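Here is a quick tour for anyone meeting this structure for the first time. Have a look at it, then read on.

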Amino acid sequence: MKAGRYTVSLHVLGWFRLDGGAMFGSVPKNLWSKLMPVDEENCIRLATRSLLLEDNKRKILVDVGNGEKWNDKLRTIFAIENTPQERLGFSREEISDVLLTHLHFDHAGGISEFSPEGTLQRAYPNAKIHVQRANFDNARAPGLRERASYLPENVDILLGNETNFLDGDVEPFPEVRVKRVDGHTVGQQYIEVFGGPQPILFPTDLIPTSRHLPLPYNMGYDICANTLLEEKKQFLEYAIEHDAIVVFEHDPDVAAARIHVNQKGHYAVKEVVEF
Ligand SMILES: [Zn+2]
C-alpha cells in the first residue's frame, strides 16, 4: 500500500501464545472465548506483525517480534514460532531503521541474537534503533510486574550502539510521528504514518488485536488500567475522525481495519483493510 512517500507493507514475523485470561483482563472467559479460539491450556494464538515503511532512502521496520533466543522450556510455554527470514521478502541487512514501540520481549526480542560463538549481537546490523528514552530507562530497571517481559539481552544491546532515544511525541522520520503512551507500560510509543490520504496507525499494545476495540477489553498486563483507558479513547476518537487504517500487531486474522462505533455503542471494526 502507498501512503505519502512510503510503500507500506505488513509482515508476520512469527506466532506465539499467551494466557487468554491475561490478554483480556477483567473480561469473563465466557465473553472473550467467543472471540478467539482457546487451546486446552487456556491460551490464545497471537501474531507478531511488523510494519515496514520503504522510501528511496530508508527501510524502517516497526517492531521485530520474539526473536530466536529462547530455551526449550520458554519456547514451549509461549509456543514461539518464527517465520523463516527468506519467506519475509526483505533481509535484515537492508533494514536501515528499527523503530521499537517498547522493549517487551514480543516486540523487541528479535533485536539481538546469539552468534555461532554464543556472544550476543545485533540482529539488524545496519539499522539505527529508535525507542523512547523513558521506556529504555524503565526496561533497564523493571518493577516486579514487568520483570518477565523486559529481558536484559533485548535491552542492554541498545547501549553504546546506534540507538536514537526519543523523548515524547516527535517525528523521527518525514511523515511519521510517534506518540508516547504510558498505560500499557511506561514509555510505550505508537506510530502514525500521515503522508497518505488517510493516516495509518499502529497502536501496538494499546490495542493489540481487533477484539480489544471495545473500551473494557484490555489486557491484565497493562501497568495502569485507568491511563490506558484514557489513551485508548483518545486514540479511537482520532482514528474515527480521520477514517484511519488501524494495524493490529497481535491479531491472528484481522491485520488492519477501519473503525466505527457500532449500533450497540461499542468501538468495532467498520471494514477490514487488505494491504
Ligand atoms: Zn507489551
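Predicted model: local features only at pLDDT ≥ 70, side-chain atom pairs only at ≥ 80, totals over all residues.

Let's start inside: the largest nonpolar core has 23 residues, and the ones touching the most other members are Val 64, Ile 95, Val 98, Leu 100, Leu 103, Ile 111 and Tyr 124.

Zoom in on Leu 100. Leaving aside residues up to four places away in sequence, Leu 100 touches Asp 63, Val 64, His 107, Ala 108, Ile 111, Ile 129, His 130, Val 131 and Gln 189. There is also a second, separate core of 20 residues, with Leu 51, Val 62, Leu 99 and Val 193 among them.

## The zinc site

Which residues hold the zinc ion? His 102 (NE2), His 104 (ND1), His 184 (NE2) and Asp 205 (OD) coordinate the zinc ion, at 2.2 Å. The arrangement is irregular because the 4 donor atoms subtend angles of 88 to 171° around the zinc ion.

Along the sequence, the donors follow the spacing H-x1-H-x79-H-x20-D. His 184 sits in the loop between β12 (176–181) and β13 (188–193), and Asp 205 in the loop between β14 (200–202) and α7 (225–241), so this pair ties together parts 21 residues apart in sequence. Are they buried or exposed? Both His 184 and Asp 205 are buried.

## Cysteines

How many disulfides does the structure hold? The count is 0. As for individual cysteines, Cys 43 is buried, with a relative accessible area of 10%, while Cys 224 is partly exposed at 29% relative accessibility.

Terms used:
Residues numbered from 1 in each chain as written. Heavy atoms only, no water. Donors = N, O, S within 2.8 Å, 3.2 Å for Na, K, Ca; no water. Tetrahedral: all angles 85-135°; square planar, octahedral: opposite > 155°, others 65-115°. Helix = DSSP H or I, 4+ residues; strand = E, 2+ residues; numbered from the N terminus. Buried < 20%, exposed > 50% of the residue type's maximum accessible area, 1.4 Å probe, protein only. Core = buried A, V, L, I, M, F, W, Y, C linked by side-chain atoms within 4.5 Å. Contact = heavy atoms within 4.5 Å. Disulfide = S-S within 2.5 Å.
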